[in-house]
Amino acid sequence: MTKVTLTVNGRTMSGECEDRMLLVHFIREKLALTGTHVGCDTTQCGACVIHMDGRSVKSCSILAVQANGSAITTIEGLSAQGELHPVQAAFKEHHGLQCGFCTPGMVMTAVDMINRRGGSLTEEVVRSELEGNICRCTGYHNIVKAVLAADAEMAAGRQAAE
Amino acid sequence: MYATSYHRASSVEDAVRLRGTSDESKYLSGGMTLISTMKQRLASPSDLIDLRHIPGLKGVSVEGRRVTIGAGTPHAEVATSQAIRAVCPAICNLAGHIGDPHVRHMGTIGGSIANNDPAADYPAGLLGLGATVVTDRRSIVADDFFTGLFETALEEGEIVTAVTFEAPEKAGYAKFNNPASRFAMTGVFVAKTAGGVRVAVTGAGSDGVFRHPGFEQALQSNWSPDALVSIAVDASGMMADMHADADYRANLVKVMAKRAVLAAA
């Protein structure tokens, strides 16, 4: 067993695990944060997307020990003081989900996308950036709408702050 | 996944030393192939030597037209490097279409070429550019590096440390994605280099990435998609699987080569 210590949503958290344990299972089973989902387990669907050291990754394809020492953000760490993150609010507003299973990964992907390319997103860019996330309910239409709306809202927020 | 023991290397020397203690160990870079393969129990290394935290393996440098990419550099960093884009946008475009954004944040150029998946993108890029692979022991030209399906010239325990190439006059890459995996069902990289035109094909050959001398000669005398129209692509050496048969892939080689030339213009 190896002790893995991570900064999770700003807090230092540790757990013991076998070296073969996947990061997503560590997050769900050892840290009891079950917002991050396991969909396909084959790096296809993106339900397990989290941020590791500021970049989106698929936590089903990384060992927990590989992440040892890193800072991760999960869906639970996104909203501040019970207020929805603008991306979460946009998904709600634009009905960007039906069953909700893919939503944590979709939202974490959208936040990463806006962090990297915010202010310049177009429908085409959003659709190509969603390459690694699968939704079986929505047909993606409202997800794309939600991401674009959140991007516009966050860009306006940045402008107002300047 | 079978049990394994994880070790984090702090330097290339450290990695070699850690590996030396075990027979069945494997180097781990981004893990975007290896971890998936281990989950399917198609690989079961006793030990994993993680190269991702070795500072000397990361980063990009461009001096004049000489591009050097550290083996541990993730695809996303190559895709968005303004320095590389200024001299060789084709390799940025290639890197920017590997897998998906999350895979590109983890997967590395060194890991991709050491694995030499027959449908991976980087092998075509490196062979097309006439790049040189630098290891902890020597330099290997791309023509000698890729030796077959998942096979390379790397010896036991040898570590890729960097990839280097002279930016070509022109280059382009076009691939036909497998819609599920985003691997190349056929990808063609064309480059007009100081040493002549080079055309490298991935995803199609049953023996992995290969050059197409017929296309190279035709493009050498006429750099245009039209130059390829009358050149035959032999289907006998093509992969055939549930996604595409050999004839279909042979046709894709020509279609993608034309698109690559257009992309390079």
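Mentor: This is a predicted model. Take the open sheet of chain B, which has 3 strands in the order E1-E3-E2. The pairing is parallel. Strand E1 (5–8) and strand E2 (25–28) of chain B are the edge strands, each pairing on one side only. Between neighbouring strands of this sheet the average turn is 25 degrees, direction ignored. Helix H1 (residues 12–20) of chain B packs on the sheet and touches E1, E2 and E3 of chain B. The direction of H1 makes about 155 degrees with that of E2(B).

Now look at one pairing within the sheet. E1(B) and strand E3 (residues 47–50) of chain B are joined in the parallel sense over 4 bridges.

Strand E6 (residues 132–135) and strand E7 (residues 139–141) of chain B run antiparallel, joined by 3 bridges. B:Thr132 has B:Val141 in E7(B) as its bridge partner. E6(B) and E7(B) form a hairpin, with 3 residues between them. E6(B) is also joined to strand E10 (residues 160–166) of chain B by 4 bridges, again antiparallel. There, B:Val134 has B:Ala162 in E10(B) as its bridge partner.

Turn to chain A for a helix pair. Helix H3 (residues 86–93) and helix H4 (residues 103–117) of chain A pack with their axes 9 Å apart, at an angle of about 125 degrees. H3(A) is therefore oblique to H4(A). The crossing of H3(A) and H4(A) is right-handed. H3(A) brings A:Val87, A:Gln88 and A:Phe91 to the contact. H4(A) brings A:Thr103, A:Met106, A:Val107, A:Ala110, A:Val111 and A:Ile114. By class, the residues of this contact are 7 nonpolar, 2 polar and no charged.

Last, the interface between the chains. The contact takes 30 residues from chain B and 28 residues from chain A. Together, chain B and chain A bury about 2,300 Å² between them. Carbon and sulfur atoms hold 53% of that area. On the chain B side, look at B:Lys39, B:His102 and B:His105. These residues supply 29% of the area that chain B buries against chain A, more than any other three residues.

Conventions. Residues numbered from 1 in each chain as written. Chains lettered and ligands numbered in written order. Predicted model: local features only at pLDDT ≥ 70, side-chain atom pairs only at ≥ 80, totals over all residues. Heavy atoms only, no water. Pairing = 2+ DSSP bridges. Helix = DSSP H or I, 4+ residues; strand = E, 2+ residues; numbered from the N terminus. Axes fitted to C-alpha atoms, helices over the stretch in contact; angles between N-to-C directions. Contact = heavy atoms within 4.5 Å. Parallel < 35°, antiparallel > 145°, perpendicular 65-115°, else oblique. Left-handed = near helix turned anticlockwise from the far one by under 90°. Nonpolar A, V, L, I, M, F, W, Y, C, P; charged D, E, K, R; others polar. Buried area = accessible area lost by both parts, 1.4 Å probe.
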